[in-house]
Each structure stands twice: as C-alpha cells, then as structure tokens.
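I opened the model today to look up a few things.

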Amino acid sequence: MFELSIAVALLAAFGIIAIGVMYLWVPRTATRSFGLPLPGDGVNIAWWLRLKGVRDIASGAVVLALMVWGGPWMVGLALLVEAMIPLGDMALILAAKGSTRRAFGVHGLTAALMILASVTLLAGVA
C-alpha cells in the first residue's frame with residue numbers, strides 16, 4: 001500500500017507540473033481541458049492563464065521536494081493539504097455549471113486519490 005501511495009504522489013506531482021507547463025506554453029489549449037468555458041478574448045487573458053501554470057508547477061515541486069527531503073509523513077501532509085486544490089476546482093466548475101464530467105472525473109477523482117494516498121502515508125502504513 002505504501003508503494004501505491006508513493007506512486008500516486010509521484011503521479012500527482014508530475015501530472016500537475018505537466019499541466020502547469022502546458023498552461024505556460026499553450027494556455028488556451030490547456031484551459032479547454034479544465035471543465036469551464038474559455039475566458040474572453042482580451043489581449044491579457046493568456047497571461048492570466050499562465051499564472052495558473054506557475055502555481056501548478058510550484059504545487060508539484062513541493063510534493064517532489066518533500067519526497068526527497070521530508071519523508072512519507074510530510075508527503076502525506078502535503079498531499080492532504082494540496083487536495084484542496086482539485087476539490088476547489090471541482091466545486092467551482094459545478095457552481096459555474098461547467099462540465100460535470102470533468103468536475104467529478106478529473107478534479108474529484110484526483111482529490112480522492114490524493115486524500116487516500118495521504119491517509120496511508122500519514123498513518124505510516126508500510
């Protein structure tokens with residue numbers, strides 16, 4: 001179970017870093033997969049979308065840093081705290097009447113996996 005939890009942590013970290021990079025390079029394309037309609041066409045929209053990319057990369061880097069220097073308990077704590085991000089994304093997409101499938105299938109599932117992995121790591125199950 002421990003190895004599975006570590007694998008979920010790695011997948012979450014590298015996955016959100018990849019999404020962040022996508023938001024930096026092709027922000028409009030990345031936004032299409034989120035579950036909300038594209039924002040307006042203003043000249044600065046892409047720069048606002050890139051802000052999300054920077055934050056996504058930092059979120060993944062925190063988990064990776066704790067995997068290297070913090071140990072399983074710290075990784076579990078970080079996953080638990082960072083699970084608020086996909087939970088918040090899911091709630092916002094549902095409130096905005098966006099894609100229910102993306103809200104639950106992407107963001108909700110991500111949050112559930114992060115929480116399950118964090119519980120295992122915090123409990124010290126090896």
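My entries follow, beginning with the ground rules.

**Ground rules.** I am working on a predicted model, where local features need pLDDT of at least 70, side-chain atom pairs count only at pLDDT 80 or more, and totals for chains, interfaces and linings use all residues. Residues are numbered from 1 along each chain as its sequence is written, and side-chain values use heavy atoms, with hydrogens and water left out.

**Salt bridges.** I took a salt bridge as a side-chain nitrogen of Lys or Arg within 4 Å of a carboxyl oxygen of Asp or Glu. I found two salt bridges by this rule. One joins the side chains of Arg28 and Asp41, at 3.9 Å from N to O. That pair links distant parts of the chain, 13 residues apart: Arg28 is in helix α2 (residues 27-32), Asp41 in the loop between α2 and α3. Helices here are DSSP runs (H or I, at least four residues), numbered from the N terminus.

I checked exposure too: buried means under 20% relative accessible area, exposed over 50%, and partly exposed in between (1.4 Å probe, protein chains only). Arg28 is partly exposed at 25%; Asp41 is exposed at 70%.

Asp56 and Lys52 make a salt bridge at 2.6 Å, N to O. Both lie in helix α3, four residues apart, about one turn of the helix. Asp56 counts as buried, because its relative accessibility is 6%. Lys52 is partly exposed at 24%.

**Gly53.** I looked at Gly53, also placed in helix α3. Gly53 is buried, with a relative accessible area of 0%. Its C-alpha atom is 8.1 Å from that of Ile17, 36 residues apart along the chain.

**Largest pocket.** A pocket is an open set of points on a 1 Å grid over the protein atoms alone, where a 1.4 Å probe fits, with protein on both sides within 12 Å along at least five of seven lines; lining residues have an atom within 4 Å of a point. I noted a volume of about 610 Å³ for the largest one. Its lining has 28 residues, and Gly15, Ile16, Ile19, Val106 and Thr110 lie nearest the centre. Helices α1 (2-25), α3 (45-69), α4, α5 (84-95) and α6 (100-123) each supply at least two lining residues.

**Surface patch.** Helix α4 (residues 72-82) gives the largest share, four residues. Trp73 lies in α4 and is partly exposed at 47%.

Notes. Grid points are joined across faces, edges and corners, and a volume is the space filled by probe spheres set on the points.
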